[in-house]
Amino acid sequence: MVTKTVDFSARAVEALHNARLRGSFRDAMDDLIRKRLDHFRDETLFRELSGEGAAIRARALSRLPELLEQLERKLVSNGITVHWAEDAAQANETVLKIIRAHDSRRVIKGKSMVTEEIGLNDFLETRNVEVLESDLGEYILQLLDERPSHIVMPAIHKTKAQIAELFARKFPEIPYTEDVDTLTATARRVLRDAFRSTRIGISGVNFMVAETGTLCLVENEGNGRMCTTIPDVHIAVTGIEKVVEKLADVPPLLALLTRSATGQPITTYFNMISSPRREGEKDGPKEVHLVLVDNGRSDIFANPDFQETLRCIRCGACINHCPVYTRIGGHSYGTTYPGPIGTVFAPLQDGLKERGELLSASTLCNACTEVCPVRIPLAGLINRLRAEYAAPRGNVKDAGSGRSWKEAMAWKLWSAVYARPRLYQRLLNWGLKHRDRLPRELAPWSDSRAMPVIAEKSLHQLVREKSEADQ
Amino acid sequence: MREKPTQVLLFGSCLIDVLYPQAGMDAIALLEREGIEVVFPQAQTCCGQPAFNAGYRDEARKVARVQLDCLQGDAPVVVPSASCAAMMKHHYVELFRDQPEAEAAAQLAARIVEFTEFLVDVLRIRLQDQGPDIRVAVHSSCSARREMNVAVQIESLLEQLAQVELVHQDHKAECCGFGGTFAVKQAEISAAMVADKTAALLRCEIDRYITQDCGCMMNIDGALASQQAPLRGTHIATFLMERTGGNEDS
C-alpha cells in the first residue's frame with residue numbers, strides 16, 4: 001500500500017543521489033516519451049482525440065450515480081455478482097469472503113493498482129491466503145518484496161542485471177543470465193504451473209460499460225486473460241469512476257490509453273468480460289464478481305473543484321513526462337499513484353495533513369497537463385490544492401493544515417508592499433541604493449546558484465528618466 | 001491576424017524591474033521603433049503569481065487588484081515575460097472567480113499579449129541582422145511553451161537574423177527547475193533540474209542562450225555563475241535591439 005509522506009523530501013533527496021536509479025528513470029521515461037510522440041506528432045490529431053476522450057469521461061462523470069446503477073443492473077442480469085465497498089477495509093473483507101466461500105487458500109492476480117491502493121496482498125497474506133502476482137513486473141516486485149514505482153510499468157526502477165541476479169537467487173537450478181527471453185520463460189513456467197492449480201483469479205478493470213455490463217481489461221502479457229478465464233472464480237476489483245456510458249465510448253479511450261501509456265496502437269490483449277461461463281461454453285470462470293471500490297472517490301466526485309481528477313484512465317503519461325518524477329522516481333512519493341496524478345489524487349483521498357507535502361513537488365510546468373489524454377488540468381489542480389493546503393476554505397480534508405505562520409507572514413508582508421505602488425517603489429529604490437549590502441548568500445537558493453545581481457536602477461526609474469528626457 | 005494598435009501598455013514584471021530593467025527598456029524601444037506608443041503605468045508592481053502559485057490566493061488577489069486598476073483601458077497589454085503574461089491571461093480568471101472583479105479580470109486577460117507574440121503575430125516585424133556571427137540556443141519557459149504557446153514565435157524572430165545560428169539543446173522543452181517557491185521548498189530537486197539544464201546548454205557550445213522569461217534566466221544564470229561557467233542568458237528584447245542596430249534615437 002502506502003507509506004506516510006512525512007518524509008517525502010528525505011526520500012526524494014535519497015533518490016536524487018542514487019545515480020543508477022536516476023539514469024534508469026531518465027532513459028526509461030525518454031523512451032516512453034518518444035514512443036508516445038510517434039503516435040501524436042500531429043498535434044491537431046491529439047487535440048481532437050483528447051477532446052473526445054475528455055468529453056466521454058466528463059459525460060460519464062456527470063451521470064456517475066445513475067451509470068453505476070445501470071451498470072449493476074446489467075452486470076447482474078449477465079450473471080456477474082456486484083459488491084460495493086466504501087473503503088479499503090470493506091473491499092479487502094469482501095474479497096476475503098469470496099475466497100473463503102470457496103475454501104481457497106491461494107489466489108493468482110493480474111496487474112491492478114486499485115488492489116495496491118487497498119493493500120489487498122498484505123491483507124490476504126496475513127489471513128493465510130497466498131497471493132501470486134502474474135504480471136511479470138509485479139511478480140518481480142513480489143519476489144523482492146517491493147512496491148510498484150510506476151502505475152503502468154511497476155518494476156521500471158529495476159535494471160536487467162538486478163532482475164537477472166534476483167532470478168539466479170530465487171531459481172538456483174537456472175544458470176545466471178541477462179537474456180530477457182530466458183528470464184521471461186522462467187517466470188512463465190512458474191506462473192503457468194500456478195494458473196493450472198489456482199482456483200481464484202483476481203484482476204483490475206480499465207473500463208466498465210454501463211450500457212452492456214461489460215468489464216474491459218487492457219494488458220500485454222496474456223496473464224490478465226489467464227487470470228480471468230482459467231480459475232473457477234474471477235474477482236475483478238476496481239474504482240467506481242471507471243464506468244463509461246456505452247460500448248462506443250471504449251474504442252476512443254482505448255486508443256488514447258495504449259498510445260499514451262506505452263506508445264502502442266493497441267495492446268497484445270484486450271479482454272471484454274460480460275459474463276461467467278455459459279451453458280455449453282468450454283472455458284471461462286464459473287463465477288465472476290466485481291468489487292466496486294469507493295475509498296474516497298465519491299468525496300472527490302462531490303467536489304466540483306476537483307471532480308476532473310476522476311476522469312483519469314491511468315495511462316501514466318503525466319508521470320512519464322514529469323521532470324520531478326523523472327528525477328526522484330516513484331517510491332519517493334510514498335503513494336500508490338506517483339507523479340502528477342498522485343500529487344492530486346493522494347491529498348484528495350488521504351487528506352492534506354498526510355499528503356500535502358507532495359504539493360510542493362511540482363514546478364507547475366504543465367508537461368503533465370499537455371499530454372493528458374482526457375485533459376485533466378493537473379497543474380491547475382495542484383495549484384488549487386495548494387490554496388486548500390494554505391488556507392482553511394473548501395471541502396478538502398484537512399484544508400488549511402499546511403499553513404505555517406512564518407510563510408503566511410511572509411506573504412502578508414509581500415502583499416502589503418506589492419499592493420501599495422508607492423511603498424513598493426520607495427522600498428525598491430532603497431534596495432537598489434543599498435544593493436551592495438544585500439546578502440550574497442541565501443540558502444537554499446545559493447547552495448547551487450549565485451544570487452541574482454540587483455540592477456542599479458529599476459525599470460520604473462529608467463522609464464521615468466526616459467520620459468523626462470523625451471520632453 | 002490581429003490589427004496593429006497605435007498604443008500599448010507595457011507590464012514590465014517585478015523581476016525585470018529589479019534585476020533586468022534593460023530588458024524592459026529594450027522592449028519599449030523596439031515597440032517604439034515600430035511606431036507604437038508605449039505607456040508604462042507607474043503604479044504597476046507584480047502580477048501576483050508568486051503568492052498564487054504558493055497557494056496564498058488572498059494575498060495574490062490583493063496585489064493583482066493593483067494591476068487590474070493601473071492597466072485599465074482598451075489597449076493591448078504587452079508583457080515581456082511569458083509567465084506573468086500567463087498569470088494575467090489564464091490565471092486571473094481563476095483567481096478572481098466569484099469575486100467582484102471577475103469581469104475586470106476577464107477584460108484584462110483578453111488584452112494580454114506576450115512580447116514575442118506581439119512582435120510576430122501583431123506587428124509582423126521584419127528584422128535586419130546587423131551583428132556578427134553568433135551561436136545561440138533558446139530556452140522557452142514552460143509558461144511560454146505550454147500556457148502562452150509562444151515557443152515558436154521567439155524562434156521565428158531569431159530565424160530572421162541571418163548571422164544567428166540557432167542550435168537546439170537536449171531536453172529543450174523540459175522545465176529549468178525554477179518554479180517559484182519550488183526552488184526553495186524542494187531545493188535539491190530544483191538544483192538537480194537546473195544542473196541538467198545548464199549541462200545541456202553548455203554542451204551546445206553556444207555564445208548565449210535567449211529567453212522570454214526572467215525567472216528561468218535568474219535560475220539558469222545563477223546556476224551557471226555558481227559553476228563558474230561563462231555562458232549567460234539574454235532576454236529576447238535586448239538581443240533583438242542589439243542585433244538590429246539599437247534604438248536609432250539613442
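Q: How many residues of chain A are in contact with chain B?
A: The model is a predicted one, and contact here is a matter of heavy atoms within 4.5 Å. On the side of chain B, 64 residues take part. On the side of chain A, the number in contact is 62 residues.

Q: What area do chain B and chain A bury between them?
A: Of the buried area, 61% is on carbon and sulfur atoms. On the side of chain B, the residues that lose the most area to chain A are Asp17(B), Gln42(B) and Tyr56(B), which together make up 13% of what that side buries. Between them, chain B and chain A bury about 5,400 Å².

Q: Which helix supplies the largest share of the side of chain B that touches chain A?
A: Between chain B and chain A there are 30 residue pairs in polar contact, with both residues at pLDDT 80 or more. Several helices of chain B each supply at least two residues of the side that touches chain A, among them α2 (21-33), α4 (57-70), α11 (187-203) and α12 (214-226). The residues of that side divide into 33 nonpolar, 18 polar and 13 charged. The largest share, nine residues, comes from α11(B).

Q: How many salt bridges are there between chain B and chain A?
A: Side chains of opposite charge can pair when their charged atoms come close. Over all chains the count comes to 46 salt bridges, and between chain B and chain A the count is 10.

Q: Are Arg26(A) and Glu174(B) buried or exposed?
A: The side chains of Arg26(A) and Glu174(B) meet in a salt bridge, with 2.7 Å from N to O. This pair crosses between chains, from helix α2 (residues 19-39) of chain A to the loop between β6 (164-167) and α10 of chain B. Both Arg26(A) and Glu174(B) are buried.

Q: What separates Glu43(A) and Arg47(A) along their helix?
A: The side chains of Glu43(A) and Arg47(A) meet in a salt bridge of 3.7 Å, N to O. Glu43(A) is exposed, with a relative accessible area of 54%, whereas Arg47(A) is partly exposed at 46%. Because the two are four residues apart in helix α3 (residues 43-62) of chain A, they are separated by about one helical turn.

Q: How many residues apart in sequence are the parts tied together by Arg63(A) and Glu245(A)?
A: Arg63(A) forms a salt bridge with Glu245(A), the closest N and O atoms being 2.6 Å apart. Arg63(A) is partly exposed at 27% relative accessibility, while Glu245(A) is buried at 11%. Since Arg63(A) lies in the loop between α3 and α4 (64-77) and Glu245(A) in the loop between β8 (243-244) and α12 (250-262) of chain A, the parts tied together are 182 residues apart.

Q: How many disulfides does a search of the whole structure find?
A: A disulfide is a covalent bond between the sulfur atoms of two cysteines. The sulfur of Cys318(A), a buried residue at 9% relative accessibility, is 6.4 Å from the closest cysteine sulfur, in Cys368(A), which is too far for a bond. Cys176(B) is in no disulfide either, the nearest cysteine sulfur, that of Cys216(B), being 4.2 Å away. Over all chains, the number of disulfides found is zero.

Q: Which residue has a side chain joined to that of His102(A) by a polar contact of 2.9 Å?
A: His102(A) has its place in the loop between α5 (88-101) and β2 (106-109) of chain A, and at 18% relative accessibility this histidine counts as buried. A polar atom of the His102(A) side chain lies 2.9 Å from the backbone oxygen of Ile98(A). The side-chain partner in the polar contact is Glu287(A).

Q: Which residue has its backbone nitrogen 2.7 Å from a polar atom of the side chain of Asn206(A)?
A: Asn206(A) lies in the loop between β4 (200-203) and β5 (207-209) of chain A. Beyond its neighbours within four places in sequence, Asn206(A) is in contact with residues including Cys216(A), Lys242(A) and Leu257(A). The backbone nitrogen at 2.7 Å belongs to Val218(A).

Conventions: Residues are numbered from 1 along each chain as its sequence is written. Chains are lettered from A and ligands numbered from 1 in the order in which they are written. This is a predicted model: local features need pLDDT of at least 70, side-chain atom pairs count only at pLDDT 80 or more; totals for chains, interfaces and linings use all residues. Side-chain values use heavy atoms; hydrogens and water are left out. Buried area is the accessible area (1.4 Å probe) that two parts lose on being put together, summed over both. A salt bridge is a side-chain nitrogen of Lys or Arg within 4 Å of a carboxyl oxygen of Asp or Glu. A polar contact is a pair of N or O atoms within 3.5 Å; within protein, one must be able to donate a hydrogen and the other to accept it, and residues adjacent in sequence count only if both atoms are side-chain atoms. Ala, Val, Leu, Ile, Met, Phe, Trp, Tyr, Cys and Pro count as nonpolar, Asp, Glu, Lys and Arg as charged, and the others, Gly among them, as polar. A disulfide is a pair of cysteine sulfur atoms within 2.5 Å. Buried means under 20% relative accessible area, exposed over 50%, partly exposed in between (1.4 Å probe, protein chains only).
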